[in-house]
Amino acid sequence: MDAQRREIVDGDIVIHGGCIVHVGAPVPVASGTQVIDARGCLVTPGLVNTHHHLYQSMTRAVPGAQDALLFGWLETLYPIWARMGPAEMRVSAMAGLAELALSGCSTSSDHLYLYPNGARLDDTIEAAREIGLRFHPTRGAMSIGRSAGGLPPDSLVEREAAILEDCIRVIDAFHDSAEGAMLRVGIAPCSPFSVSRELMRDAAILARDKGVRLHTHLAENEEDVAYSLERFGCRPGQYAQDLGWTGPDVWHAHCVRLDPAEIALFARTGTCVAHCPCSNCRLGSGIAPVRAMRDAGIGVGLGVDGSASNDQGNLLAEARQAMLLQRAVSGAAAMSAREALEIATLGGAAALGRTDIGRIEAGARGDVAVWDMQGIEAAGSWDLAALLLAGPMRVRDLLVEGRPIVAEGTLVSTPLAPIIDAQRRMARALAG
Ligand SMILES: [Zn+2]
């Protein structure tokens, strides 16, 4: 995933000070160097996840939400999420990030738009530091409750002034704009159907003032578009444009129902997209026009989306699903395995506004995934495209900033068993 998309056989990658300093011909090993022997493996950039709701990993496979469309699914889950608090936010984020790490993901965004019982964005930031992934948390929000014609219950919405104040607080406390940053904060009102027009506009103004990125859900399904037409008198793309929500510092999740004019608008303005194929399938939302978006020049990254609508958090599986869906719509040549990997790496980096990750190249950060191609899944494969066509579906080693997060298939930054235990216990308590 360098500029020439080189595929190097039997090469070395040297990482020093968190940064890749050499890629290519084998080099002598300096004493004191830690060596990872990747013979029989495929080495790719760490994958980049551009849309998630980590808290939802505690509400997977909830019976009443298994077979509903988006709005009904939300209405089933809102009252359950309203019972969560800081401890649940932290544990669910650790579980979600651990799962992502084991699927080769080195950088993840998160979209946290509800803050019940004292929960804060800080809870998920703590979790990311413990797991060791590069993290782009976004301060989400909901402000239009049911009594005001919105979808969420009134107990889950916040005052708009308080939302903006907390956005400023978390940006000032945590956002790092430097090259190689481990943490960047974004601003992310949940969706046009859960916040006011004023909050959308003010959020865009604040984000530009602070130099941070903007994120929300857009045109997820037909209900979403119908709501926009009825409430705002325009399609989602027009609504976004009117409120300052287009531009190279904006990435929208889903965009399943963008029409050709909206695709042209996004391409013209440099607006990016987080494509979430499994969630779109799970909620019956449809298939996003990713081929048309890519052909128009839109930056498209992948998102596993929240684990209440996937319900996996496996980013390599997401790349495979993206490839398969475009083929189902437009034919077997519509998306190659290599292009799907490009979306999962360079595409994700573009959506998050980063040029220092998503590639293996001298000067890029030391975020590297090592895939064992000698296991049963890839046995008998003739080409490296097997990573997406066959498997493995879990990473062998994962480095972030040169530090081992997964080694020999095991999460090494923090023990996994206590996370699973806490997750199970808290999910049971939420179920009452
Ligand atoms: Zn989402």
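Visitor: How do the residues of the largest cavity's lining divide into nonpolar, polar and charged?

Guide: In this predicted model, local features need pLDDT of at least 70 and side-chain atom pairs pLDDT 80 or more, while totals for chains, interfaces and linings use all residues. Numbering runs from 1 along each chain as its sequence is written, and side-chain values use heavy atoms, leaving out hydrogens and water. The lining holds seven nonpolar, seven polar and two charged residues (nonpolar: Ala, Val, Leu, Ile, Met, Phe, Trp, Tyr, Cys, Pro; charged: Asp, Glu, Lys, Arg; polar: the others, Gly among them).

Visitor: What space lies in the largest cavity, and which residues are closest to its centre?

Guide: Rolling a water-sized probe over the atoms shows where empty space is left. A cavity is a set of points on a 1 Å grid over the protein atoms alone where a 1.4 Å probe fits but cannot get out; lining residues have an atom within 4 Å of a point. The largest cavity has about 120 Å³ of space, counted as filled by probe spheres on the points. Of its 16 lining residues, L70, W73, L74, H217 and E220 are closest to the centre. Helix α1 (residues 70–81) gives the most, with three residues (helices are DSSP runs of H or I, at least four residues; strands E, at least two).

Note on methods. On a 1 Å grid over the protein atoms alone, a cavity is a set of points where a 1.4 Å probe fits but cannot get out, and a pocket is an open set with protein on both sides within 12 Å along at least five of seven lines; lining residues have an atom within 4 Å of a point.
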